[in-house]
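My notes follow in the order I looked things up.

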Amino acid sequence: MYKRILVAVDGSANAAHALQHAAALASALSASLRLIHVVDMGLMPYGPEIGIDIDALLEARYAAAEKVLTDARDSVQAAGIAIETKLVDTALPTVHVATTIAEDAVSAKVDLIVLGTHGRRGVERWLLGSVAEGVARRSTVPVLLVPMPPA
């Protein structure tokens with residue numbers, strides 16, 4: 001049924017849990033995994049008046065993002081699943097991470113998106129938003145949301 005599964009990873013325990021779930025699913029279905037990490041350009045400070053070396057900041061963000069992808073790939077590589085990794089960014093400060101994930105799923109022709117959820121509620125969800133919810137609303141392919149098990 002699913003041959004190409006996209007998993008968005010961010011280095012969190014929630015994403016790692018979702019990745020393990022996706023790897024088990026991929027193994028059972030003989031599917032491949034596409035691991036992506038999105039660098040959010042909306043969180044970048046702009047303007048020389050702030051006195052921040054933007055190039056150094058971007059370089060650090062991309063280096064950290066590459067480490068997230070490498071660690072995610074390494075955590076499931078032993079399962080013998082075909083894995084590809086992709087580092088993407090939101091391209092513009094006004095583009096939402098969820099939009100970038102949904103668009104990547106279409107361009108990469110995946111059959112399923114697997115995301116971890118943080119389980120935020122109320123004011124915290126309202127203030128921080130939910131990438132998982134945003135992907136589910138924007139996606140044209142099925143989305144599997146994997147919550148963390150109770151502690």
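I take strands as DSSP runs of at least two residues, numbered from the N terminus. On that count Ser 32 sits in strand S2, residues 32-39. The model is a predicted one.

**Entry 1: the chain as a whole**

I began with the secondary structure. The chain has five helices and five strands. Read from the N terminus, the order is β-α-β-α-β-α-β-α-α-β.

Then I looked at burial. Of the 151 residues in the chain, 36% are buried. The accessible surface is about 8500 Å², and carbon and sulfur atoms hold 58% of that.

I also checked the range of the contacts. I kept those between residues at least 6 apart in sequence; 76% of them join residues at least 24 apart.

I went back to Ser 32. Is Ser 32 buried or exposed? Its relative accessible area is 17%, so it counts as buried, because the cut-off for buried is under 20%. I listed its contacts beyond four places in sequence. They are Lys 3, Arg 4, Ile 5, Ile 81 and Ala 82.

Ser 30 is in the loop between H1 and S2. I noted its phi, which is near 55°. That is a positive value in a residue other than glycine. Most residues other than glycine have a negative phi. Ser 30 is exposed, because its relative accessible area is 62% and the cut-off for exposed is over 50%.

**Entry 2: H1 against H2**

Next I took the first helix pair on my list. Two packed helices are described by the angle between their axes and the distance between the axes. Helix H1 covers residues 13-29 and helix H2 covers residues 54-76. Their axes come within 10 Å and cross at roughly 45°. H1 and H2 are therefore oblique to each other. The crossing of H1 past H2 is right-handed. I picked out the residues that make the contact. H1 supplies Leu 19, Gln 20 and Ala 23, while H2 supplies Ala 72, Ser 75 and Val 76.

**Entry 3: H3 and its cover**

I moved to helix H3, residues 97-107. Which residues of H3 are buried? I found Val 97, Ala 98, Thr 100, Ile 101, Ala 102, Asp 104 and Ala 105. An α-helix has 3.6 residues a turn, so residues three or four places apart point the same way.

What covers the buried residues of H3? The cover includes strand S1 (4-8), S2, S3, strand S4 (112-116) and H5.

I then looked at the packing on helix H5, residues 131-138. The axes of H3 and H5 come within 8 Å and cross at roughly 45°. That angle makes H3 oblique to H5. Their crossing is right-handed. On the H3 side the contact is made by Val 97, Ala 98, Thr 99, Ile 101 and Ala 102. On the H5 side it is made by Val 131, Gly 134, Val 135 and Arg 138.

**Entry 4: Asp 104**

I stopped at Asp 104, which lies in H3. Asp 104 has 7% relative accessibility, so I put it down as buried. I left aside its neighbours within four places in sequence. Asp 104 is then in contact with Leu 6, Arg 34, Ile 36, Lys 86 and Val 88.

**Entry 5: after H3**

I followed the chain out of H3. Lys 109 comes after H3 and is found in the loop between H3 and S4. Its phi is near 55°, a positive value in a residue other than glycine. Lys 109 is exposed, with a relative accessible area of 64%.

**Entry 6: Asp 89**

My last stop was Asp 89. I placed it in strand S3, residues 83-89. Asp 89 has a relative accessible area of 29%, so it is partly exposed. Beyond four places in sequence, Asp 89 touches Val 38, Val 39, Met 41, Tyr 62 and Thr 100.

How far apart are Asp 89 and Tyr 62 in sequence and in space? They are 27 residues apart in sequence, and 9.3 Å apart in space from C-alpha to C-alpha. Their side chains make a polar contact at 2.5 Å.

Technical notes:
Residues are numbered from 1 along each chain as its sequence is written. This is a predicted model: local features need pLDDT of at least 70, side-chain atom pairs count only at pLDDT 80 or more; totals for chains, interfaces and linings use all residues. Side-chain values use heavy atoms; hydrogens and water are left out. Helices (H or I, at least four residues) and strands (E, at least two) are DSSP runs, numbered from the N terminus. Buried means under 20% relative accessible area, exposed over 50%, partly exposed in between (1.4 Å probe, protein chains only). Contact means heavy atoms within 4.5 Å. A polar contact is a pair of N or O atoms within 3.5 Å; within protein, one must be able to donate a hydrogen and the other to accept it, and residues adjacent in sequence count only if both atoms are side-chain atoms. Accessible areas come from the Shrake-Rupley method with a 1.4 Å probe; for residues, only the protein chains shown count as cover. Axes are lines fitted to C-alpha atoms, for helices over the stretch in contact, and angles run from 0 to 180 degrees between N-to-C directions. Angles under 35 degrees count as roughly parallel, over 145 as roughly antiparallel, 65 to 115 as roughly perpendicular and the rest as oblique. A crossing is left-handed if the near helix is turned anticlockwise from the far one by less than a right angle, and right-handed if clockwise.
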